[in-house]
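Subject: Structure for you to look at

Dear colleague,

I am passing on the structure we spoke about, and my notes on it follow below. Please read them with the model open beside you.

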Amino acid sequence: METTRHFVATVYVVSDGAVALHEHDKLGMWLPAGGHVDRDELPHEAALRETSEELGLGVDLVAPRESIESETVESIPQPQHFLLEDINVDADGAVGHQHIDFIFYGAADSREIDPGPGEQPADDWEWYTPAELDAHSDEIPADVVEIGLRAIETVAES
């Protein structure tokens, strides 16, 4: 089986010491906002677009940015993490599809979730504090818990 790979951008949106997660319709697991990077997008642009579409929230990305500039280059916001994720694994363990994921942290001024048309409803989203992430670690993937905790801490320090 040939493995296909797509670039995606994910945002761990933090507001008032909690991170927003939803049970993803197709994947059946608790995840933050995110989706595929369109052909004409940069990863941080996709992150902001996906957050706006899925949560109806504008966020400030908490992302390092190099100071390298010239007439031909521009530094762009860097993801906090860069992960390779197995999405489609068959019974024999062969991976059919993977996501190359640019993971960002985003600070939101509000917890008022208002998804765009065609997105999962606001009732599907929950805000998790660090204690709640730990308490639900049997339901939420370990990487989501770990990154959620890091996002909350990083946004609080920014």
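Glu41 counts as buried, because its relative accessibility is 16%, where buried means under 20% relative accessible area, exposed over 50%, and partly exposed in between (1.4 Å probe, protein chains only). The accessible areas themselves come from the Shrake-Rupley method with a 1.4 Å probe, and for residues only the protein chains shown count as cover. The side chain of Glu41 meets that of Arg49 in a salt bridge, at 2.7 Å from N to O; the term salt bridge is used here for a side-chain nitrogen of Lys or Arg within 4 Å of a carboxyl oxygen of Asp or Glu.

Before going further, please keep in mind that this is a predicted model, in which local features need pLDDT of at least 70 and side-chain atom pairs count only at pLDDT 80 or more, while totals for chains, interfaces and linings use all residues. Residues are numbered from 1 along each chain as its sequence is written, and side-chain values use heavy atoms, with hydrogens and water left out.

Salt bridges

By the rule above, the count comes to 5 salt bridges. Arg49 also forms a salt bridge with Asp38, at 3.6 Å from N to O. Arg49 lies in helix 1 (residues 43-55) and Asp38 in the loop between strand 4 (33-36) and helix 1, so this pair ties together parts that are 11 residues apart in sequence; helices (H or I, at least four residues) and strands (E, at least two) are DSSP runs, numbered from the N terminus. Both partners count as partly exposed, Arg49 at 21% relative accessibility and Asp38 at 36%. Asp38, Glu41 and Arg49 are linked with Glu50 and Glu53 in a network of salt bridges.

In helix 3 (residues 142-157), Arg150 and Glu146 are 4 residues apart, which means that about one helical turn separates them. The two form a salt bridge whose closest N and O atoms are 2.6 Å apart, and Arg150 is partly exposed at 40% relative accessibility, as is Glu146 at 41%.

Aromatic pairs

How many aromatic pairs does the model contain? The count comes to 3, if rings of Phe, Tyr and Trp (its six-membered ring) are paired when their centres lie within 6.5 Å, with planes under 30 degrees apart counted as stacked, over 60 as edge-to-face and the rest as tilted. The rings of Trp30 and Tyr128 have their centres 5.8 Å apart and their planes at 75°, so this pair is edge-to-face. Because Trp30 lies in strand 3 (residues 30-31) and Tyr128 in strand 8 (residues 125-128), the pair ties together parts that are 98 residues apart in sequence. Trp30 is buried at 10% relative accessibility, and Tyr128 is buried at 3%.

Phe82 and Phe102, by contrast, form a tilted aromatic pair, 4.7 Å from centre to centre and with 50° between the planes. Phe82 lies in strand 6 (residues 81-89) and Phe102 in strand 7 (residues 95-107), so the parts tied together here are 20 residues apart in sequence. Phe82 is exposed, with a relative accessible area of 51%, whereas Phe102 is buried, with 15%. Together with Phe7, these two residues form one aromatic cluster.

Glu23, Asp25, Glu126, Glu132, Asp138 and Glu139 gather in a patch of negative charge on the surface. Such patches are made of residues with over 30% relative accessible area and no salt bridge, with like charges joined within 9 Å and nonpolar side chains (Val, Leu, Ile, Met, Phe, Trp, Tyr) within 5 Å. Glu23 is found in strand 2 (residues 18-23) and, at 40% relative accessibility, counts as partly exposed.

Asp16 has a positive phi of about 50° although it is not a glycine, and for comparison, most residues other than glycine have a negative phi. Asp16 lies in the loop between strand 1 (4-15) and strand 2, and at 69% relative accessibility it counts as exposed. Asp60 lies in strand 5 (residues 60-61) and is likewise exposed, at 54% relative accessibility. The C-alpha atoms of Asp60 and Val13, 47 residues apart along the chain, are separated by 9.2 Å.

Methods
Lys and Arg count as positive and Asp and Glu as negative; His and the chain ends are not counted. The place of a charge is taken as NZ of Lys, CZ of Arg, CG of Asp or CD of Glu.
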